[in-house]
Structures are given as structure tokens and as C-alpha cells.
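Please keep the sequence and the structure in view while reading.

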Amino acid sequence: MSEQITAWVVDDDQSLRWVLEQALGQSGIETRSFPDATSVLDALGNATPDVLLTDVRMPGKDGLRLLEELAVSHSTMPVIVMTAHSDLDTAVKAYRGGAFEYLPKPFDVDDAVQLVARAAQEATLVSASVEDAARLAPRLIGQASAMQEVFRAIGRLATSSLTVLVTGESGTGKELIAKALHENSPRADQPFIALNMSAIPAELLESELFGHERGAFTGAETRRIGRFEQANGGTLFLDEIGDMSLDLQTRLLRVLAEGEFYRVGGQAAIRVDVRVVAATNRTLEESVARGEFREDLYHRLNVIRIESPPLRERREDIPRLLDHYLASAAKELDTERKLLTAEARERLSEFDWPGNVRQLVNVCRRLTVTAPGTKIGVDDLPIELQDARDETPGQWQAALAAWAETAAKAPPSEGLTGVVIPDCERILIRAALAAAGGHRQDAARLLGWGRNTLTRKIQSLGL
């Protein structure tokens, strides 16, 4: 490094302080460490580092409180927030408090070093002056790295009203992400209006979106206010946007571009200020290529993109989700909360959950009603969940062969390997990183790759 960088580490975990001191020192970064917020604030009276890394949960003054004070006294100093308690509230609060970056534990020390170097080059923090986001509801749950990316994105967007496209399989919680974006935006006190495009008949969708005047068509006996007007000043969530007809896509594009529209049968332009969050379980790029979705609308919606991960790619979150939704089901149904045995919990954690979180929620409700006692054992699980993973040798090869035989009759545009190989690499990379505790060098060795190859794959696959 051409210029000497100084970094201070604040964490009550002595072993972590030592590891970071060694890693940063070997990279030529001058380092000091502190066990608590009070000691680092005392030291800041005499000197200021280029970068400060702080834990969130510490005895006495916590990292978020420290961040608040530094935003006043050292507003140009980049602060990196580290925490093992990686929830959405923490991510949003960190970014709103002015954090440069949010680093969930455990992390790759090489990544931490690179982040410190990048932070040192920034002139100022990204500041956020809106009120605290403790009112977030409904709450998103997730410790997995894929969910941490979602939390980061919501945190970074906390002060903006940019259009967002949320993609992911059905049941992954795209509407929860949309609500979290709204609740943590300057529009939080304004309406949040949701509309599932696939649930409305095509002939009624235009009126649903834009409203209609009395007499506009047969049956229009009164004026109707559409969803855009209902959401004025707030957020409009358009779910399954890929199911919209081309004619309506054209009208939506005009609203997004000009901020105005006409009710069906109306003569006066209606101006609105609405943030649009759209969601789809389709690959819109393929729909564009097939002429089923307007390319200009796609680019207008895809200003910021958030990927909602499937549950099978965040298995470490399944136990927490089960506990949360079993408690919610008991409260909803006004009955005693059921508890999972260790074997049942393990079995459910191994299940692939093709219906994602929505399926898990429904299973929790079902078990709350059907399990005879307070304990839920494997025998109490629905039959389709009792044999979560068949370990028969060669099963996955047989499943792949069956898929390939079917797919070859109507091959996807990117070809069979264009679909399978990226998915296989994603699965293998996640398994290797999990086994290596997040250390890329060790994960690359497990995969038989070099570290640079692994890094390049992670970036190209969007992991």
C-alpha cells in the first residue's frame, strides 16, 4: 500500500481483536484495538484513525450507540460495523447511523482487509438523517449470507425512493421485502398498497391500477379510485409484474416516466408521486427476448434489484423460522405453542421446501393444529416431509438424467448446460464456504480451484 492506513478495532472479543490486528498488520495497516466504546472514545480525543471497525453488542455502550456519537464528533471517519447478530434491524440502523459497511460475523479476514482499504479511500461516510427503523414490520428473519445481502440492500436504500425490482421464486417473501423497503423509507408514514397482477382478470386490471370514471364501461356505476391514486405519496407493490399484458405495460411505462395517467374513461390527467416496487418469479430478461415484456419497461423497473433467496439456499435460517412461525401460529390460533424434537427439527432443516417460506408457514400452522401433544416428533410431520432427503447413492444423478431428458425436448434459450452448470456451481460453492467457515482460501481448496477462480465465480454467479 502506497500510503499508511490506520485502522482501530473495537470489540470485546480479545481473540477477534488479535486476528484482525494480525491480518491488518500483515497488509501494512497500522492497527490499534480497544475492548469497549468508552476506551476508544477516550483515545479519539487525541488521534483519529482512517477507519474504525466496531462490534455491535458489547458491555456498556454498544456499537450502534458508538456509531451515533461518532456521526456527530467524527462524521468523516468511515465506520465498519461488525456483528454476529445479523438481523435486518441491525443492518438498517447501521446504515442509517452512517456506517460505511455492515460486516456480519463470521467473515473472511481477507475481505475485512480489503474493506478497510476501500473505506480508507472514501472521502466521507454515506450519511442518513432519518429516524430510527425500530418500527420495522413485518420482520424479516435471516442469518444466511444470502439474506444478509437483502438486509444490506434495504439499509442502503433507507433514504431513497428509487424503483426496485425484487426477483425470486414464489413463496420466498418478496412482499415482505417490499414492505421492509417501504417501512424504512421516507414514505413510511404514507400508504403501502399491494396488487398481485396474476390474481386480477386481464380485463379488470387496467381499472384496478388506474381507476375508472362512472359510465366508462358496462357496470361502471360509480367512479373508482385505482391503486396508483390510493398509493399517492407512498409505495405501490406490483407482484408478478411479468404477467402484465403488453398494452398495460405501455401504460405503466408512461406513469413511471411522467408521473401521470388517465382513469379509464377519464379526460383529465391524474398526477401522482408513487414509489414502485415490482416483483416477479420469472426471468424477465428471457421474457424480453421472447417479446413478452417491454425492454424499456424492464430497464425502468430494474433500477435496483434485490434477489429473494429460496429457502433451500439458506438452510441455516430454517430452525429460527420454524421457531418464529410456530410461536406465531400458536398466538394466531390461541393455543399452546408446540416445540420440535431435535430429530424433527433436523428433518425439517434438510427438506428442500419447494414452496419456500410460504410452505414453511403453512406447515407450522398445520402442525400447531394436528400434533397431539406439546412436542412435535418426526411421526407428527406430514408424510411428504418425513423423508426429507433420500441418501440412496446415485439418486441425484438419476434425477438429473430425468430432468435433462425432459428439458432436451424443449431446451431453454441458454442451453441445457447454461442452466445446470451455474446452478451446480452455486450449490457447490455454498457448501464449500459453509464447510470452510466462510474462508475463501479453504473453500477454494475444497472445490479444487484457486482463490481467484472462486472469487470470480462468486461475482459472476451473483452470490
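This is a predicted model: local features need pLDDT of at least 70, side-chain atom pairs count only at pLDDT 80 or more; totals for chains, interfaces and linings use all residues.

## Aromatic rings and the parallel sheet

One aromatic cluster is formed by Phe210, Phe228 and Phe261.

**Aromatic pairs.** A pair of aromatic rings is described by the distance of the centres and the angle of the planes. The structure contains 6 aromatic pairs.

| Aromatic pair | Centre to centre | Angle between the planes |
|---|---|---|
| Phenylalanine 192 and phenylalanine 237 | 6.4 Å | 20° |
| Phenylalanine 210 and phenylalanine 228 | 5.6 Å | 5° |

Where do phenylalanine 192 and phenylalanine 237 lie? Phenylalanine 192 belongs to strand β7 (residues 192-196) and phenylalanine 237 to strand β8 (residues 235-239), so their pair ties together parts that are 45 residues apart in sequence. Phenylalanine 237 has a relative accessibility of 0% and therefore counts as buried, the cut-off being under 20%.

The pair of phenylalanine 210 and phenylalanine 228 is stacked, with an angle of 5° between the planes. Because phenylalanine 210 is in helix α8 (residues 202-210) and phenylalanine 228 is in helix α9 (residues 227-230), this pair ties together parts that are 18 residues apart in sequence. Phenylalanine 210 is buried, its relative accessible area being 0%. Phenylalanine 228 is buried as well, with a relative accessible area of 1%.

**Charges over rings.** Phenylalanine 210 also has a charged neighbour: arginine 251 lies over the face of its ring, at 4.2 Å from the ring centre. In another such arrangement, arginine 32 is placed over the face of tryptophan 8, at 4.9 Å from the ring centre.

**The sheet.** In what order do the strands of the open sheet follow one another? The sheet consists of 5 strands in the order β2-β1-β3-β4-β5, and their pairing is parallel. Strands β2 (29-34) and β5 (101-104) are the edge strands, each of which pairs on one side only. From one strand to the next, the twist averages 20°.

Within this sheet, strand β1 (residues 5-10) and strand β3 (residues 51-55) run parallel and are joined by 4 bridges. Alanine 7 has valine 51 in β3 as its bridge partner.

**Helices across the sheet.** Helix α1 (residues 14-26) lies across β1, β2 and β4 (79-83), and runs at about 170° to β2. Helix α3 (residues 63-73) lies across β3 and β4, and its direction is at about 150° to β3.

Terms used:
Residues are numbered from 1 along each chain as its sequence is written. Side-chain values use heavy atoms; hydrogens and water are left out. Rings of Phe, Tyr and Trp (its six-membered ring) pair if their centres lie within 6.5 Å; planes under 30 degrees apart count as stacked, over 60 as edge-to-face and the rest as tilted. Helices (H or I, at least four residues) and strands (E, at least two) are DSSP runs, numbered from the N terminus. Buried means under 20% relative accessible area, exposed over 50%, partly exposed in between (1.4 Å probe, protein chains only). A charge sits over a ring if NZ of Lys or CZ of Arg is within 6 Å of the ring centre and within 35 degrees of the ring normal. Two strands pair if DSSP finds at least two bridges between them. Axes are lines fitted to C-alpha atoms, for helices over the stretch in contact, and angles run from 0 to 180 degrees between N-to-C directions. Contact means heavy atoms within 4.5 Å.
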